[in-house]
Amino acid sequence: MFGRRRSAPPADGFAGDALEHLDSLYGTALRLARDADAAQDLVQETFLKAFRAEARFAAGTNLKAWLFTILHNTWRNRRRDRARSRVDFDSEAVDLAAEGAGTAPPMAASPEEALLVGVMDEDLRAALEALPEAFREAVWMRDVEELSYQEIAEALAVPIGTVMSRISRGRKQLYASLTAARGAAGAQPMRPGDV
């Protein structure tokens, strides 16, 4: 699993610089894939593509933004390919699942929720999860990953105005959701700068 512990000394040059962003990329991949194994595969494929395309990276530009662009393009390609693939199912397994639907144990928290538990309070986590995916993705990349609007636009392959709009609307929805949640709980109401 990806994490902050490394058994080998960090690599020098391009590989070392790229690997500094491993945890950040994994967090974003986990948020996108919502499955630890799929997130690890996505990050591994991202680094494989980055190392193969090292010669195309313009030195002096933002490596983190370049890696995020590769990650998001890889994720979009996987989703597109999955949508095109034929769906196979085992009718016997479906029947068995339908029969035992009421007896299944409750599902554990998603990997994204597990990752966010130590980082954000419950109200903020719930409000962020409630955002539409496009807003959540833009807000996350700006406020957590600290990418510029231009870098986000390139990573998501959308115009910069769309990025700015998504971030603005996402933040407003977060603010409204947090204000409502904290007001209902009897907590101190939020001020606009608290988000």
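Reader: Why is E45 called partly exposed?

Author: This is a predicted model, and its values are computed from it. E45 has a relative accessible area of 24%. Buried means under 20%, and exposed means over 50%. The value of 24% lies in between, so E45 is partly exposed.

Reader: What makes K49 partly exposed?

Author: The relative accessible area of K49 is 33%.

Reader: Where do E45 and K49 lie?

Author: Both are in helix α3. They are four residues apart, about one turn of the helix. R78 joins them: E45, K49 and R78 are linked in a network of salt bridges.

Reader: How many salt bridges does the structure hold?

Author: There are six.

Reader: What makes R79 and E133 a salt bridge?

Author: Their closest N and O atoms are 3.1 Å apart. That is within 4 Å, so the pair qualifies. This pair links distant parts of the chain. R79 is in helix α4, E133 is in helix α8, and 54 residues separate them.

Reader: How do you know whether R79 and E133 are buried or partly exposed?

Author: R79 has a relative accessible area of 39%. E133 has 37%.

Reader: Why is the pair D143 and R171 called a salt bridge?

Author: The N to O distance is 2.5 Å. The limit is 4 Å, so D143 and R171 pass. Again, distant parts of the chain are linked: D143 in helix α8 and R171 in helix α10, 28 residues apart. D143 is partly exposed at 37%. R171 is partly exposed at 31%.

Reader: Why is S24 called buried?

Author: Its relative accessible area is 18%. That is under 20%, so S24 is buried. S24 lies in helix α2. Leaving aside neighbours within four places in sequence, S24 is in contact with K64, F68 and E145.

Reader: Which residues touch the most other members of the largest nonpolar core?

Author: The core has 32 residues. L25, V43, F68, L71, M141 and I152 touch the most other members. Helices that each supply at least two residues include α2 (22–33), α4 (63–84) and α10 (160–184). A second, separate core has eight residues, among them A127, F135, W140 and L174. In soluble globular proteins, nonpolar side chains tend to be buried together.

Reader: What is L71 in contact with, beyond its neighbours within four places in sequence?

Author: L71 is in contact with L25, T28, A29, L32, L42, V43 and T46.

Reader: How do you know that the span of α8 is close to the expected one?

Author: α8 has twelve residues. At 1.5 Å a residue, 16 Å is expected. From its first C-alpha to its last, α8 reaches 15 Å, which is close to that.

Reader: Which residues of α8 are buried?

Author: They are F135, R136, E137, A138, V139, W140 and M141. After α8 comes E146, whose phi is positive, near 60°.

Definitions and conventions
Residues numbered from 1 in each chain as written. Predicted model: local features only at pLDDT ≥ 70, side-chain atom pairs only at ≥ 80, totals over all residues. Heavy atoms only, no water. Core = buried A, V, L, I, M, F, W, Y, C linked by side-chain atoms within 4.5 Å. Buried < 20%, exposed > 50% of the residue type's maximum accessible area, 1.4 Å probe, protein only. Contact = heavy atoms within 4.5 Å. Salt bridge = Lys/Arg side-chain N within 4 Å of Asp/Glu carboxyl O. Expected span 1.5 Å × (residues − 1).
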